[in-house]
Amino acid sequence: MIFLFSLVLGIVAGLRAMTPAAALSWAAFLGWIDLSATPFAFLGHPLAVAIFTLAALGELVTDQLPQTPSRKVPVQFGARIVMGALAGGVLGLPSGMWIGGAIAGVVGAIIGTLGGYEARKRLVASNGGNDRPIALLEDAIAVILALLVVWLAA
């Protein structure tokens, strides 16, 4: 199951790069995931929760701006792959499956980036070109999936 959860967190990273980190930070803070014996124990600290939550919220806001670059440009795509790998790897740490988790996270990030782009493009086109409701729907899907994964992985 950990690989499936890591894959889904990677997909979320493809949609919104910082959302998995915020969800993992909250999960560690709330005791849903025990990272205390790992190099990522800091994720459970209240300061980390605040920083990652603010970063995720900031990303939700900036995604609405017209000057925000495509998720498919190299820097954006690369950041999503890195965050997918980190999220999947961190999720796999407590069970010792961090390498497989990281790989699943990368695969998920690629799926989420490319699939999310295509889905959003098609939904916006079918919506008369109105991007905002589709972007908000994508935000909601990313947040709900991330929270669901870290809760179920507990």
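**Stop 1: one face of a helix**

Start with helix H3 and pick out Ala48, Val49, Phe52, Ala56, Glu59 and Leu60, which are all buried. Buried means under 20% relative accessible area, exposed means over 50%, and partly exposed is in between, using a 1.4 Å probe and protein chains only. Now look down the axis of H3: the buried residues fall within an arc of 105°, so they line one face of the helix. That arc is taken from the directions running from the helix axis to the C-beta atoms. Here's the general idea: an α-helix has 3.6 residues a turn, so residues three or four places apart point the same way.

Before going on, note that this is a predicted model, where local features need pLDDT of at least 70 and side-chain atom pairs count only at pLDDT 80 or more, while totals for chains, interfaces and linings use all residues. Residues are numbered from 1 along each chain as its sequence is written, and side-chain values use heavy atoms, with hydrogens and water left out.

Which residues are exposed on the other side of H3? Select Leu47, Leu54 and Val61 to see them. Then show the helices that the buried residues of H3 pack against: H2 (19–29), H4 (74–92) and H6 (131–152). Helices here are DSSP runs (H or I, at least four residues), and strands (E) need at least two; both are numbered from the N terminus.

H3 covers residues 46–62, and at 1.5 Å a residue its 17 residues should span 24 Å; the end C-alpha atoms are 24 Å apart, which agrees. The expected span is 1.5 Å times one less than the number of residues.

**Stop 2: Thr19**

Hop over to Thr19, in helix H2. Is Thr19 buried or exposed? Its relative accessibility is 6%, so Thr19 counts as buried. Leaving aside neighbours within four places in sequence, Thr19 is in contact with Val12, Ala56, Glu59, Ala142, Val143 and Ala146. Contact means heavy atoms within 4.5 Å.

**Stop 3: helix H1 and Ile2**

Next, select H1, residues 2–15, where you'll find Ile2. Ten of the 14 residues of H1 are buried, so this helix is largely enclosed by the rest of the structure. Among the buried ones are Phe5, Leu9 and Val12.

Zoom in on Ile2, which at 15% relative accessibility counts as buried. Not counting residues up to four places away in sequence, Ile2 touches Leu91, Gly92, Ser95 and Met97. Ile2 and Ala104 are 102 residues apart in sequence, and 9.2 Å apart in space, C-alpha to C-alpha.

**Stop 4: helix H4**

Now click on H4. Its buried residues include Phe77, Arg80 and Met83, and what covers the buried residues includes H1, H2, H3, H5 and H6.

**Last stop: the largest pocket**

Where is the centre of the largest pocket? Select Asp63, Thr68, Pro69, Ser70 and Arg120: of the 20 lining residues, these lie nearest the centre. The elements giving two or more residues to the lining are H3, H4, H5 (98–126) and H6, and H5 gives the most, with four.

A pocket is an open set of points on a 1 Å grid over the protein atoms alone, where a 1.4 Å probe fits, with protein on both sides within 12 Å along at least five of seven lines; lining residues have an atom within 4 Å of a point.
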